[in-house]
Amino acid sequence: MNVRYRNLNVLVPCFVGLAIMCGLVAYSPELYRAFCGATGYGGTTQRAYADPTTTSQRTVTIDFDSNVAPGLPWRFEPEQRSVTVHLGEQKLVFFSAENLSDKATVGHATFNVTPPTSGIYFNKIQCFCFNEERLDPHQKVDMPVVFYVDPAFAKDSDMDHVDAITLSYTFGRSASPTDAKNLSRFLANAAPDAVHGLELFNQRCSACHGLDQNMTGPMLGGVVGRPAGSAAGFNYSPALRSAHLTWSTDKLDEWLAGPQKLVPGARMPVRVLDALSRHDIIAYLREVGEKHSDQAHPQAHASGPEY
């Protein structure tokens, strides 16, 4: 019996160790991506959902590089070769992609920035690289990227002599084509997508806004068609209380594009620079408002025009 127990004392730790090593091997790509995302290792950029709270007078030039891996019949290039931005300034740029083949194809973009040490400061709010992307035969689209460089960049002594960052993408064939989103959503004539609007609302708005309760910002359920500054119980800024405007779809679009431009003195810190994303968020808020109205007045349903 003693021999058996001694053997078990040796075998059990060996099996446990083997199981741990197998688990690490199986999940090593995910662990590596998580490590790179958290540290910026190898020029891996960060993901953000809103503007930073501060900006800086220091500027940095962002150069853009695009590549297509063998086997993907796409043309892919930036609409602009470089832009100069202030640290903390949210910036919208576009890349064009065109499927040169007679078949729908799905691509996935890998990315990094150089110098690699700048990755921890480079934040992307919106990017086609977040998804597997599908292009229909001979379809061409302009894809938005929204980013900013963290003002903390200026406080890092290693960045003192860095005045340019290169953002590089390589599109290759996707390994998970069934999970792809259709790039036709970026076409100018694309219908607003309330489902995507819900996703954007959860990412960009829900930290400050609820649908049925005031939070840091006012409740947004039923906001379409509501007078500005009228959500019960919310302490609005004097600027918004005296704005004398109604939240039509057009005014909401202006507001999301630039709150302080529409209402100088407003406290709203978040902007949504991409027009199609704004339209999707508004479509979601409109849909939610119509559902709330139907529940409150089930006999008085009237459908409005599409946004």
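**View 1. Glu 133 faces a partner across two strands.** Glu 133 stands opposite Lys 181 in β11. Strand β8 (residues 133–135) and β11 pair in the parallel sense over two bridges; strands are DSSP runs of E with at least two residues, helices runs of H or I with at least four, numbered from the N terminus, and two strands pair if DSSP finds at least two bridges between them. This is a predicted model, where local features need pLDDT of at least 70, side-chain atom pairs count only at pLDDT 80 or more, and totals for chains, interfaces and linings use all residues. Residues are numbered from 1 along each chain as its sequence is written, and side-chain values use heavy atoms, leaving out hydrogens and water.

**View 2. The sheet around β8 is open.** Its six strands run in the order β4-β2-β10-β6-β8-β11, with mixed pairing. At the edges lie β4 (82–86) and β11 (181–182), each pairing on one side only.

**View 3. Another open sheet has five strands**. Here the order is β1-β7-β9-β5-β3, and the pairing is again mixed. Its edge strands are β1 (46–47) and β3 (74–78).

**View 4. Helix α2 has a buried side.** In α2, Ala 194, His 196, Gly 197, Leu 200, Phe 201, Arg 204 and Cys 205 are buried (under 20% relative accessible area, with a 1.4 Å probe and protein chains only). They share one side of α2 because they cover an arc of only 145 degrees around the axis, taken from the directions from the helix axis to the C-beta atoms.

How values were computed: Buried < 20%, exposed > 50% of the residue type's maximum accessible area, 1.4 Å probe, protein only.
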